[in-house]
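This report covers one protein chain, from single residues to the whole fold. Look over the sequence and model first, then read on.

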Amino acid sequence: MAHAKFSARLALCVFLIASVAAAAQTPDEKSSAEAEKKDVKNFVLTADKLDKYEAAVKAINKVQKDNPAIKKQMDDEDSQNPSITIAGSVALIEKYPPIANAIKTAGLTPHDFVVMTYTLINSAAAVQMKKMGTIKEYPDTVLSENISFVDKNYDRIKKIYNTDTDASDKPPQK
């Protein structure tokens, strides 16, 4: 239940941040933001992409565990200048070659990794809110095939997001 409340709050926060950011944008920024929204909405989730995404998350966690300074720098930079755009998130990743290489080695580009992250969050939040009864219909900002995919793979996706940086070296608990 705590996870359900967290997902609903996360979805609301993402929506509110995006709304505030959209209101303060120049015409060029609005055009870029619209293009990014389309990228997120039209990104189709598949089992192959989720396998690559999971490998990328594990590789990122390992890089950050092996290089705590990188994790601290990224966390500090993100807290000081949180990026709410795909381009900003990709730029942050590419600023740290070991992180970018971890993603590329898993078979994704940093851009696809970021877009997939947003797509997974949006789709999972929609699925969770519908399960909780917070919404009656899925939003049109999420593809129906992504809703089905996330619903079918919800436990696996939840596990990917709930992996801490030390968990990759520990055996699964029963």
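Lys41 sits in helix 2. Helices (DSSP H or I, at least four residues) and strands (DSSP E, at least two) are runs numbered from the N terminus. The model is predicted: local features need pLDDT of at least 70, side-chain atom pairs count only at pLDDT 80 or more, and totals for chains, interfaces and linings use all residues. Residues are numbered from 1 along each chain as its sequence is written, and side-chain values use heavy atoms, with hydrogens and water left out.

Lys41 counts as partly exposed because its relative accessibility is 33%. Here buried means under 20% relative accessible area, exposed means over 50%, and partly exposed lies in between (1.4 Å probe, protein chains only). Leaving aside neighbours within four places in sequence, Lys41 is in contact with Asp140, Thr141, Leu143 and Asn146. Contact means heavy atoms within 4.5 Å.

## The cavity

What lines the largest cavity? The lining consists of Val40, Lys41, Thr119, Asn122, Ser123, Thr141, Val142 and Asn146. Its residues divide into 2 nonpolar, 5 polar and 1 charged. In this scheme Ala, Val, Leu, Ile, Met, Phe, Trp, Tyr, Cys and Pro are nonpolar, Asp, Glu, Lys and Arg are charged, and the others, Gly among them, are polar. Helix 2 (27–42) and helix 7 (110–132) each supply at least two lining residues. Helix 7 provides the largest share, 3 residues.

The structure holds 1 cavity of 30 Å³ or more. The volume of the largest cavity is about 30 Å³. A cavity is a set of points, on a 1 Å grid over the protein atoms alone, where a 1.4 Å probe fits but cannot get out; lining residues have an atom within 4 Å of a point. Grid points are joined across faces, edges and corners, and the volume is the space filled by probe spheres set on them.

## The nonpolar core

The largest nonpolar core has 37 residues. Such a core is a set of buried Ala, Val, Leu, Ile, Met, Phe, Trp, Tyr and Cys residues joined through side-chain atoms within 4.5 Å. Tyr53, Ile99, Ile103, Phe113, Leu120 and Val150 touch the most other members. At least two residues each come from helix 3 (47–66), helix 4 (68–80), helix 5 (86–94), helix 6 (97–105), helix 7, helix 8 (144–152) and helix 9 (154–161). Helix 7 gives the most to this core, with 8 residues.

Val150 touches Leu45, Leu120, Ser123, Ala124, Val127 and Ile157, not counting residues up to four places away in sequence.

Is Ile160 buried or exposed? Ile160 is buried, because its relative accessible area is 5%. It lies in helix 9. With neighbours within four places in sequence left aside, Ile160 is in contact with Leu50, Tyr53, Glu54 and Val57. Ile160 and Lys58 are 102 residues apart in sequence, and 8.5 Å apart in space, C-alpha to C-alpha.

Asp48 is in helix 3. Asp48 counts as partly exposed because its relative accessibility is 45%.

## The whole chain

How many helices and strands does the protein chain have? There are 9 helices and 0 strands. Buried residues make up 34% of the 174 residues. Among contacts between residues at least 6 apart in sequence, 72% join residues at least 24 apart.

The protein chain exposes about 10800 Å², and carbon and sulfur atoms supply 57% of it. Accessible areas come from the Shrake-Rupley method with a 1.4 Å probe; for residues, only the protein chains shown count as cover.

Key: 1 Å grid on protein atoms, 1.4 Å probe; cavity = no way out; pocket = protein on both sides within 12 Å on 5 of 7 lines; lining within 4 Å.
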